[in-house]
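Here is a briefing on one structure, written for a first look. Keep the sequence and the 3D view open as you read.

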2 protein chains.
Amino acid sequence: MRIILVGCGVVGRSFLSLLLKNKDYFVHSYGFNPRVVAIVDRDGAILHSRGLDLSRVLKVKEERRTVSADPEYGRPNLSALEVIRDVEADVLVEVTPTNVKTGEPAMSHIKEALKNKKHVVTTNKSIALALPALLELAAYNGVQLKFSGTVGAGMPVLDLARRLSGDRIISMRGVLNGTTNYILTAMEEKRMPFDEALKEAQKLGFAEADPSMDVDGIDTAVKLVILANSVMKRSVTLEDVSISGIRGVRLEDVMEASEKGFSIKLVGSVNKELVVKVNEVPKDDPLCVKGVLNAVTFSLEVAGDITISGKGAGGLETGSSIIRDLLEIRQAGLRA
Amino acid sequence: MRIILVGCGVVGRSFLSLLLKNKDYFVHSYGFNPRVVAIVDRDGAILHSRGLDLSRVLKVKEERRTVSADPEYGRPNLSALEVIRDVEADVLVEVTPTNVKTGEPAMSHIKEALKNKKHVVTTNKSIALALPALLELAAYNGVQLKFSGTVGAGMPVLDLARRLSGDRIISMRGVLNGTTNYILTAMEEKRMPFDEALKEAQKLGFAEADPSMDVDGIDTAVKLVILANSVMKRSVTLEDVSISGIRGVRLEDVMEASEKGFSIKLVGSVNKELVVKVNEVPKDDPLCVKGVLNAVTFSLEVAGDITISGKGAGGLETGSSIIRDLLEIRQAGLRA
């Protein structure tokens, strides 16, 4: 399998290091022998038609900040779109930063790949802006668009939901954002007010300098849109979600709920409406996970509530979701 | 898809009623049109090559205790083995009672079907006695053996575990038996001694008159063997499991653990060894589910701990697992 990687931040580099580390295991267990033939970062590309030496690439990236600085294989003038169009490959792995306003540059990259009949694996939540159209474009071109890392990182939430066939998903609700869950847990367990808990999360690297995406519920809403589209066949976008975040949560509310046996959680839910808002969740509900954990509960017509929980973020975790998606594409190809 | 059903107890009848109720949905959503062409219970069979009228069958079963009493299609003298061998069908659904001593009659039924190149879907935990050999027999004959209902009923534990490709399962541990979990939860929450909690579970239908399979840890061990074989590629049988149950658990142990923030759970675990024994589980661990709920935690090399929880028993829930397996067989067939 020939792969183009666009984006070489934490997730991209984690993906490369997992490939490097587990090469023998993948060949041995799955007969899976991926070759990365091109990598593009903000400053250019690096190409090798027989497959790049990934330890060399990671070293160049670390020492010179761009893969295109490689003296032999670096191509500083090549753009991502040119590489996606012109380099012979089976799959584009798109891991540029999420942009929920315009969706760019991911949207252009993904469309270009699909039009050129290349499969796409992405961890980019920008797809929430146009998922139904992208899935249609993939189907039209006879290729696959996989995005299991966009929800739950290493936790296969989307894949699990697709395994629930034979029963009907009536509704779902989830604690989908580790940053807000860390903050709410710290408020409850350490009796910290919101501002202090946010600062602690930032210090520990669980929240960004501008925490708005997380704290105001947008990240949760984006994931909810992806779940609703891909699991519940709802044709919805971000505009269809009623969103509120956790900035208004007071310490006294958290402590009062706690004494009654509840924790305050930021919950995204899909019923008739798509809603992101704080909820009081019983402490013995499997959805009531702590710290940076995520959890999703699917309510099924016959089997009742099924919950999956685990770490919902992290570079390596998200990198492992890319490999899972690549293996699925390969297995579908073997069956075809 | 032409189906032979062997076994017409709670699970078999639940399966039939789900088929009956969701017929239009299956055709509409999956293009899946199952026809049950034969059903065998303890007293004989009922056959119809174009597909039985399931509401009629359920009525005959209820009123006359055996499907073979149907005046038109009943065949009191036909045995399960004859039906499996001679009736033209794609799949055997085997739901006779589990027997962990001899594996019979399920083992003979399943082998006969596989030898006759019929796929098999079973909820019968007897397969734990010889799973590696049965899987080999299926592969040799080019058919599938599916058993997702044996662990977690409607909760797709085995399917989830197979979705964890791209990462490595290092170990797993699970609360796999609803009866013992109900008893332990009642002891903790209602301060009941073991005997009293067992009686309550029996009264509510959560425990059998002879509760040994559950209470002595055998049911948990059987499920652990199925998980170890099918998910972790361990070639093990029931004899490889170190088993102890919950009869020795004293109310004071439960309460003492509870005050420290732990609940006592019967946990089956696969590490180097396969072990079933009571453990103190932290109350905020996702594995620490209450009542009749089940939960399994997979520890992955990259993604860390992933837990799935839900109702692990029930006729309809187990029935829905059969439909899930049938859909998987059908989809694999479409791809082939």
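**Cores, symmetry and interface**

The largest nonpolar core has 156 residues, and A:Phe298 and B:Phe298 have the most contacts inside it. Keep in mind that this is a predicted model.

**Nonpolar cores**
- In soluble globular proteins, nonpolar side chains tend to be buried together.
- B:Phe298 is in contact with residues from several parts of its chain's numbering, leaving aside neighbours within four places in sequence: among them are B:Val157, B:Leu160, B:Ala161 and B:Leu164.
- Its other contacts include B:Ile169, B:Met172, B:Leu227, B:Val231 and B:Ile306.
- B:Phe298 also contacts B:Ser171, B:Gly304 and B:Asp305.
- A second, separate core has 28 residues, including B:Ile3, B:Leu18, B:Leu19 and B:Phe26.

**How the two copies are related**
- Two copies of a chain are related by a rotation about an axis and a shift along it.

**The interface**
- In the contact between the chains, 39 residues of chain A meet 39 residues of chain B.
- The size of an interface is often given as the accessible area lost when the parts come together.
- Between chain A and chain B, the buried area is about 3300 Å², and carbon and sulfur atoms give 56% of it.
- There are 2 salt bridges between the chains.
- One salt bridge joins the side chains of B:Asp284 and A:Lys290, at 3.1 Å from N to O.
- The interface also has 6 residue pairs in polar contact.
- On the side of chain A that touches chain B, the elements giving two or more residues are helix 1 (10-30), helix 6 (157-162), strand 13 (304-311) and helix 12 (315-335).
- Helix 12 of chain A gives the most to this side, with 8 residues.

**A buried histidine**
- A:His119 lies in strand 6 of chain A, residues 119-122.
- Is A:His119 buried or exposed? A:His119 counts as buried because its relative accessibility is 19%, and the cut-off for buried is under 20%.
- A polar atom of the A:His119 side chain lies 2.9 Å from the backbone nitrogen of A:Gln144.
- Not counting residues up to four places away in sequence, A:His119 touches A:Asp90, A:Val91, A:Leu92, A:Val143, A:Gln144 and A:Ile329.

How values were computed
Residues are numbered from 1 along each chain as its sequence is written. Chains are lettered from A and ligands numbered from 1 in the order in which they are written. This is a predicted model: local features need pLDDT of at least 70, side-chain atom pairs count only at pLDDT 80 or more; totals for chains, interfaces and linings use all residues. Side-chain values use heavy atoms; hydrogens and water are left out. A nonpolar core is a set of buried Ala, Val, Leu, Ile, Met, Phe, Trp, Tyr and Cys residues joined through side-chain atoms within 4.5 Å. Buried means under 20% relative accessible area, exposed over 50%, partly exposed in between (1.4 Å probe, protein chains only). Contact means heavy atoms within 4.5 Å. Helices (H or I, at least four residues) and strands (E, at least two) are DSSP runs, numbered from the N terminus. A polar contact is a pair of N or O atoms within 3.5 Å; within protein, one must be able to donate a hydrogen and the other to accept it, and residues adjacent in sequence count only if both atoms are side-chain atoms. Buried area is the accessible area (1.4 Å probe) that two parts lose on being put together, summed over both. A salt bridge is a side-chain nitrogen of Lys or Arg within 4 Å of a carboxyl oxygen of Asp or Glu.
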